[in-house]
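User: I am new to this structure and would like to learn how to read it. Please take me through some of its features, one at a time.

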Amino acid sequence: MTVTTLPPGFSAPARVIAHRGASGSAPENTLSAFRLAHELGARWVEFDVRLTTDGRPVVFHDDHLDRTTDGGGPLAETPLSALGDLDAGQWFDPAFAGELVPTLEEVLDLLSDMGMGANIELKPHPGHERETAEISLSVARELWPPEAPPLLISSFSDSALAVARDVAPQWPRGLVVGALADDWRDRAAQVAAWSIHCDAELLNARGVAEVLDAGYRVMVYTVNDPGRAVNLWDWGVDSIITDRPEALLSLAGS
């Protein structure tokens, strides 16, 4: 088994990580959500990266534009220029009208300016796993300051993580799963993962112990209830990804 170790001098991600920014209080995966996460005291954020049809990495979760913009259709069939015409904030609250879908460059610049750490989840369109990882990580290598906390690169896609292992070995990798299937150890070893990211609703204390005993960090998503968060930390979970960092930070000590 090969488990990635963090570079010397760097600590692990914070115990509380803001899910798509402070997405309980601002439109997810927007610059406003990341700024608010910082204002609320979060030190790390998690966000999703996909490619437009012209190969530009943008910070966006869904396959389709409908839920979180006033546009429609697949993101993978939309050029970057067309995204600039869409409103990515009005759906959440009129106060955020005019918010845009940000590029990966814009988000990394903002986070580095604020001194925040980042978990980038690669979300490739089927058949574009290598392209998504290579382009996104090329941008990240160019922009992310060497003195900043190392980026944590995660994905459900083993293929995308294998590319990350090869082209950006300096950054730890997280294998995202739902429940812990029988093959999770083999998958993690193949991509030299550092952490396993589990759906908190499908995880129990035995599963946490299993992952920790195998030498990996345990991160869980998406937990907004403080009592549940304390329970997970008691089991040994390292980091919790939450829509509401303000509800958990005082309990976590980080």
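Predicted model: local features only at pLDDT ≥ 70, side-chain atom pairs only at ≥ 80, totals over all residues.

User: Where do I start, and how many helices and strands does the chain have?

Analyst: Start with the secondary structure, which comes to 9 helices and 9 strands. Then look at the overall dimensions: the radius of gyration is 17 Å, close to the 18 Å that the globule rule gives for 254 residues, so the chain is as compact as a globular protein of that length. Along the principal axes, the C-alpha atoms fill a box of roughly 50 × 40 × 35 Å.

User: What share of the residues in the chain is buried?

Analyst: A residue counts as buried when its relative accessible area is under 20%. Buried residues make up 53% of the 254 residues here. Contacts can be sorted by separation in sequence: of those between residues at least 6 apart, 57% join residues at least 24 apart.

User: Which peptide bond is cis?

Analyst: The angle to read is omega. For the bond from Tyr 221 to Thr 222, omega is near -25°, and this bond is cis. Thr 222 lies in the loop between strand 8 (217-221) and helix 8 (226-235).

User: What is phi for Arg 20, and where is that residue placed?

Analyst: Phi of Arg 20 is near 55°, a positive value in a residue other than glycine. Arg 20 sits in the loop between strand 1 (16-19) and helix 1 (31-39). With a relative accessibility of 13%, Arg 20 counts as buried.

User: Is Ala 192 buried or exposed?

Analyst: Ala 192 is buried, because its relative accessibility is 9%. Its phi is near 50°, again a positive value in a residue other than glycine. Ala 192 belongs to the loop between helix 6 (184-190) and strand 7 (195-199).

User: How do I read a pair of helices, and at what angle do the axes of helix 8 and helix 9 cross?

Analyst: Read the distance and angle of the axes, then the handedness, then the residues that meet. The axes of helix 8 and helix 9 (residues 245-252) come within 10 Å and cross at roughly 45°. That angle makes helix 8 oblique to helix 9. Their crossing is right-handed.

User: Which residues meet in this contact?

Analyst: Helix 8 brings Pro 226, Ala 229, Val 230 and Trp 233, and these meet Ala 247, Leu 248, Leu 251 and Ala 252 in helix 9. By type, the contact residues divide into 8 nonpolar, no polar and no charged.

Note on methods:
Residues numbered from 1 in each chain as written. Heavy atoms only, no water. Helix = DSSP H or I, 4+ residues; strand = E, 2+ residues; numbered from the N terminus. Buried < 20%, exposed > 50% of the residue type's maximum accessible area, 1.4 Å probe, protein only. Axes fitted to C-alpha atoms, helices over the stretch in contact; angles between N-to-C directions. Parallel < 35°, antiparallel > 145°, perpendicular 65-115°, else oblique. Left-handed = near helix turned anticlockwise from the far one by under 90°. Contact = heavy atoms within 4.5 Å. Nonpolar A, V, L, I, M, F, W, Y, C, P; charged D, E, K, R; others polar. Rg over C-alpha atoms; globule rule 2.2 N^0.38 Å.
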